[in-house]
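Let's take a walk through a protein together. Have a look at the sequence and the 3D view, and then we will go from an open space to some ring-shaped side chains.

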Amino acid sequence: MTSKKITICGKEVELFYCAATENGYERISGGKTIGVFIPTFKTDKKGNQVIDKLPEATNEDYMLLAMAGIVAADTYYKREAVINSEDILYDATPTERRLLIDTIVELRNEWYEVPKI
């Protein structure tokens, strides 16, 4: 599991990235698979692996993944939710929403050991 604390809407929240986050995303997204975040690859004429198709994830998918990361942390610690989806959707600033998305992507990359490029 990877985790990080950030401040959203004046509240410190913790996000986890682990199997619980992915399961939570699939549950709250209406059955989308975690595969929407994964690009597809192909081999070019020189034998190099290149991206064939970018991930299909929408901004909403990333927000749902981040919310699933918050719920995973709260569930793990058996604590009341510090923040809810309405706070994020209605009260978070664009900068805070970007921080939320950047954080969950960072945690996902760290969990899957994606090298930084």
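A word to start with: a pocket here is an open set of grid points with protein on both sides within 12 Å along at least five of seven lines, and its lining residues have an atom within 4 Å of a point. Keep in mind, too, that you are looking at a predicted model.

Now find the largest pocket, which holds about 600 Å³ of space. Its lining is made of 18 residues, and Val105, Arg108, Asn109, Val114 and Pro115 are the closest to the centre. Which helices each supply at least two residues of this lining? They are helix H2 (59-76) and helix H4 (94-111). H4 gives the most, with six residues.

Next, turn to the aromatic rings. The whole structure contains eight aromatic pairs. Phenylalanine 16 counts as buried because its relative accessibility is 2%, whereas tyrosine 77, at 41%, is partly exposed.

Another edge-to-face pair joins tryptophan 111 and tyrosine 112, at 5.0 Å centre to centre and 75° between the planes. Here tryptophan 111 is partly exposed at 29%, and tyrosine 112 is partly exposed at 41%. Finally, ring pairs tie Phe16, Tyr76 and Tyr77 into a cluster.

Notes
Residues are numbered from 1 along each chain as its sequence is written. This is a predicted model: local features need pLDDT of at least 70, side-chain atom pairs count only at pLDDT 80 or more; totals for chains, interfaces and linings use all residues. Side-chain values use heavy atoms; hydrogens and water are left out. On a 1 Å grid over the protein atoms alone, a cavity is a set of points where a 1.4 Å probe fits but cannot get out, and a pocket is an open set with protein on both sides within 12 Å along at least five of seven lines; lining residues have an atom within 4 Å of a point. Grid points are joined across faces, edges and corners, and a volume is the space filled by probe spheres set on the points. Helices (H or I, at least four residues) and strands (E, at least two) are DSSP runs, numbered from the N terminus. Rings of Phe, Tyr and Trp (its six-membered ring) pair if their centres lie within 6.5 Å; planes under 30 degrees apart count as stacked, over 60 as edge-to-face and the rest as tilted. Buried means under 20% relative accessible area, exposed over 50%, partly exposed in between (1.4 Å probe, protein chains only).
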